[in-house]
Structure formats: structure tokens, C-alpha cells
Amino acid sequence: MKDIKEESNFFMNGLQKNHKSLEVLKYERSTDQTTRREFGNAISTGQSCSSVLEQGQSPMDDTVISSASSICPAPVCRQFWKAGNYADGLGSKVSIQNGKNNFHVSPMFLHSNATSHKWAFGAIAELLDNAVDEIQNGATSVIVDKISNPRDGSPALLIQDDGGGMNPEAMRQCMSFGFSDKSKSAIGQYGNGFKTSTMRLGADVIVFSRHLRNRVLTQSIGLLSYTFLTQTGYDRIVVPMVDYEFNSATGSFEFSNRCSKELSMSNLSLLLQWSPYSTEEELLKQFDDIGSHGTKVIIYNLWFSDDGILELDFDTESEDIRISGDIKQVETSLAWKKINEQHIGNRFRYSLRVYISILYLRIPETFRIKLRGRIVEHHNLANDLKFPEFILYKPQSGGVLEGQVITTIGFLKEAPQINLHGFSVYHKNRLILPFWAVVKQFGWDCRGRGVVGVLEANFIEPTHDKQDFERTSLLQKLESRLKDMTHEYWYHHCGLIGYKVIKKMPKQDSLGFAHGKTKPVKLNHGSSVPSSGKVSPAAVLGMKRKEHDDLVDAEDMKKHARTGVNGTVSGQSFGAQTVDIANQSKYQGHEALVLTQENKKLQAQCDEYEKTEKELEMKITQLKIAIGGVQCEYDRLIAELTALDSVKEEKLVNM
């Protein structure tokens, strides 16, 4: 990162000292047919300056590209789920060029591949993942905002990060399918997310990326346009790109020598014709706010919903992006309807700000996600729980231990009013399944209501759209385990929120929970630390602190039970049972006693830490005094040395 900053300063200073207006190339736009012919002829020379997505050959091999197909171009429907419905003639086909059979990937594949994203926010999350993965390359922020398409004033979606950026080769791999150089710890791994996500949000996307390495500063522009490919009749996916390299002698960017100027001009002509920017000066101006490294993605011609309105709603809230008309209607009593609708467990479905706030389990303090001008505050779902338990789960496959997972489970703070339950499952820090309802509820059955859990399951693989997990045996075992946890927790804690305490757990319930066949989950009452397995001291301390915070809630519930307000929770319209106050008070008293003991232990530890802190501060003071004495002695010796030098000089002069 230090090298990157030094190189950044070097080039930015050079740009400031040698600031010149970039030469705008003068040329006239040709017709669509002429442009396609020049583009095809230029590529046929074998110079790789565009990404061609074909099966059976390297995406960097452009030698077999032909000009546009003679098939009648298809209009692009603005409704996503209907945009792929056009003549079958534009599908993939086999052609013979240079005596070889070549299988072409049709532009239709861009649309059909994007249908893996059923949810628009899932597509945005894919692009945010790319920015988060750039944290290792020095990224400190990512911006998500609405901008206007200068051609027609329509809204466009901007996603910009200050990561390492992409050099020309990386840009081509980004635009190609199946290329990924990310580490195993990174969120992305298939090399397909950028294409599916951008094409799910809009018909066209233009990418600007600047990269600095070994004092070589490059900037690349690439266009992935469903509109361009379908309306010009191309029978395969072609991505025009232009690369520039900084010339320190002139202080300006010039066409990269990666390909000929003729081919760069041809690609530039396509960019100016089909992108939101009609001049080269407007294109290059998009790099002004990128700095020495970073990437800017602009998705335009955004899709409409089936109702004929923009799928992304930019107008309802000025600091948010919403999904049009996707507010979930919550079925509950009128008194609790508002608290349910405003809960994060329901709002994340249509509010991007809420969804991003829970999208990552951990976010470095040095990294910021800014949505429409305001930073998104990170939200830890585990902090929304009361009476939490921490359960250690050791998944196995074929007798082999796959890892250890600590699941945090508890009641939502708003329980029992809130009609939510389920587990939020993360994978490599990324939310995959929010509020996964492993227990199915019926109108008459309240078991599991309000019980929520959080866990990070890195031992199972997510689907390509990262909105679900692959249906493997490990996932089925996890689902069964989480169902057991929910039932166990409910039977032990339901009295704390106003339900009748179950003295003895049933051996078999109507939901098929058989304790005789499944080993019960072991809950650690009182202590938050799992009874088996190793947990770091920091994690244990955090767990105990969480229980201490809930001590007040337990005492409040105990006092409320003593008031004897008919032994029921007011406002329950879902058939809650009468509270067994005696058993509840006894159980809460035991919980409060254990929590008090834990509180005393933590207080003793804090006292020890404070004592150690004072001792260290005293040592620091003593060391400062000693350093001051040494400094005085040093100054005295320097003065004597100076005086001796003066005497020597006088003697030499007299001699």
C-alpha cells in the first residue's frame, strides 16, 4: 500500500506539473454498417483489443470474429423478464471460418445468464462484493449513487471504488466468462458475477478503470452493451475496449501500444456511439474523480418492472434506493403492524440501505460504503437479540470434521410483538440467507416465533447468485440442526417473553421434531461459552458482556411478572397461552443469579486491568523523566563539544 501511495503521488504530481488538455481526435462517425465492417476487419488482423466471449477458444483470441450477422436486429424490450423474447434466429450457431468450426455465444446469453438473479438487490450486492474484495488492495470506500445519462437524462446506476483498479488484461478478463484470479478467502470465485449482475440491472454497462503498478499508469474503458449487440445484429458477444497509457514526458494519456491506432479508433467509435458519452473528452472526463487507481461502473438503460416503471426507485427516498412496489404486507394484529413493517427483517427486502447494512458480518473501520451521499451504518443482527445463547456446531461429512461454527440464537428485542423468526446465514463474511425460516409455522402454532439466529457457515457453498446455498447433504444437516436449536431454545426460554413455560419437552410434536431420533442441542444456560470446543478469549469476553447487557432485561421481566397483570401479555391476538408466573419467576431468578455472578467476575477483571493500566502509566511517567534527564545531559555534552571545537579553531588560527 505504501508503494501504491508513493507511485500515486509521483504520477499525480506529474499530471499537475504537465497539465495539458487531452487531444480530442477528430473524425466523423460512420454509419452502423461501416463501423461494423471496420471493427470486424481490424480484429481479423489478430490484434486483441476487444474481448470476445466465445466457447471453445480463449476469450482473448479475436482472429475469428466476423462482422455483424445479416439477421434482422431485435429491439430491446425495457422490461427485464421480457427482454429475451425475440426471434430464435439470433441464437447460438456454428459457422465455418478459416476451415474451422466455431461455436458462437449469442448475445441472448447475456440476458439468459442474468436471469440467475431473481432479485435486483442481489445483483447490486455482487458488485459491492468486488469492491469489498479490493480492500486487500487498499480500497477504503465504495460509492453507490444515481447519476443521469447525458444522452437522454434517464437515471443510471453508479458503483465506484478506490481499489487497485484493472490493467488492460484484467479488464478483458472481467468482461469474459469464467475468469477469476481471486483468493479462496475472497467472496467472488466463479468469474461470472460482474456480467450477470450488470445485465440484471440494466441493458448496458460501461466500465472505467485506472491501474498503477511499477510506475506504469494505465486506464481502460470497456462497454458491455446488450442494446448494441442486438440492434446491430451481431451473432456473438463483442465488447469494444480502449486502453490508454500515461506518458510522463508529455504529461498526458495516449493510446496504448497494445494495439494499433486504427483499431483503437474503431473501438472508440463504437464507444462514442453506444455509450452515454458522445465525445472522447466526455469519456476521459470520467477518470477525473478516480484518482491514480480505482474502478467506476455505470449501468444505464435500467430495466423496468412488469408494471412499466423503473425497477429501482430513486425518488421515494433521496438517500436510499428502493425496489418499486415491493413493500411486504405483514399479517399481524393492527396494534403490532407498524413495528413489524418497520423492522429490519422486513425492510431489507425493498430498502437497499437496510440490506447493505446487514450484508457483511464484519466491515473494517477503514472501509466505508456510501449510498447516495450518506455512509451506510453497519448493523450486526446479533445485537438485536435478548436472552442470547451461543451454541457450538461441528458439521461432519463422511466422518470428517468440516469445521466449527458458533451460532448466536435468541429472541428479537421486540418479541413477542414481532412476527419474525429464522437464521441469517453468512458465508465468508457475506450474507447469503437472511432470516432463513427453518421452522414452518401455522396460524395456531407460535413455537419459534421471535427466535432468531446468526452464524457464518463457510463449510457449505453458495449458489451463483449468492442468495441461497447448494442443496447438499451438509446443508440438509445444517437445516435439521438449526431446527433443533430453535425448538430447544423455545422450550427453555418461551416463558421470558410471555408464553407458558413448558415443564417437559414433548418427545414428538406435530412438526415432526423427534427427540428420540435426533441428539438434542446442548444449551449452556447461564454461561455463554460453549461447553465443548475452543473459543478465543476475545469471543468469550464478548459473549459474557452480551449476557451482562441482558441482565437488566431479565430483572425487568421478573418485576413485570410480580405485578401479576392477569399473567398475560397485553395485546396478544395470536392465541398466546397463560403465563406460569411462579415457574417463570423461579427460572428468571436463577438466570439473574448466574448473570450477577458473571458480572462480578467481569468487574474483578476490569479492576485488574485498571490497576495494570495505572502501573503502566506510572512507568511511562518515570521513563519520560529519565528521557528528559538524558536529553539534558546530551545537550550539555554537545555544548562542551562545541566549545572545544571553538578552542581548537582559535589555536589553529594563532599558529
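Guide: One cut-off to begin with: angles under 35 degrees count as roughly parallel, over 145 as roughly antiparallel, 65 to 115 as roughly perpendicular, and the rest as oblique. Note also that this is a predicted model.

Visitor: At what angle do helix H4 and helix H12 pack?

Guide: Helix H4 (residues 120-133) and helix H12 (residues 352-359) pack at an angle of about 50 degrees, and their axes are 11 Å apart. H4 and H12 are therefore oblique to each other.

Visitor: Left-handed or right-handed crossing?

Guide: Right-handed, as H4 passes H12.

Visitor: Which residues make the contact?

Guide: From H4, Phe121, Ile124, Ala125 and Leu128; from H12, Leu352, Tyr355, Ile356 and Leu359. By class, the contact has eight nonpolar residues, no polar ones and no charged ones.

Visitor: Now the backbone. Is the peptide bond from Ala415 to Pro416 cis or trans?

Guide: The bond from Ala415 to Pro416 is cis, with omega near 10 degrees. Pro416 lies in the loop between strand E18 (405-412) and strand E19 (422-427).

Visitor: What about Phe435, positive or negative phi?

Guide: Positive: phi of Phe435 is near 50 degrees, and the residue is not a glycine. Phe435 belongs to strand E20 (residues 430-436).

Visitor: Buried or exposed?

Guide: Phe435 is buried, at a relative accessible area of 8%.

Visitor: And Lys466, where is that?

Guide: Lys466 is in the loop between strand E21 (451-456) and helix H13 (473-493). Its phi is positive too, near 55 degrees. Lys466 counts as buried because its relative accessibility is 6%, and the cut-off for buried is under 20%.

Technical notes:
Residues numbered from 1 in each chain as written. Predicted model: local features only at pLDDT ≥ 70, side-chain atom pairs only at ≥ 80, totals over all residues. Heavy atoms only, no water. Helix = DSSP H or I, 4+ residues; strand = E, 2+ residues; numbered from the N terminus. Buried < 20%, exposed > 50% of the residue type's maximum accessible area, 1.4 Å probe, protein only. Axes fitted to C-alpha atoms, helices over the stretch in contact; angles between N-to-C directions. Left-handed = near helix turned anticlockwise from the far one by under 90°. Contact = heavy atoms within 4.5 Å. Nonpolar A, V, L, I, M, F, W, Y, C, P; charged D, E, K, R; others polar.
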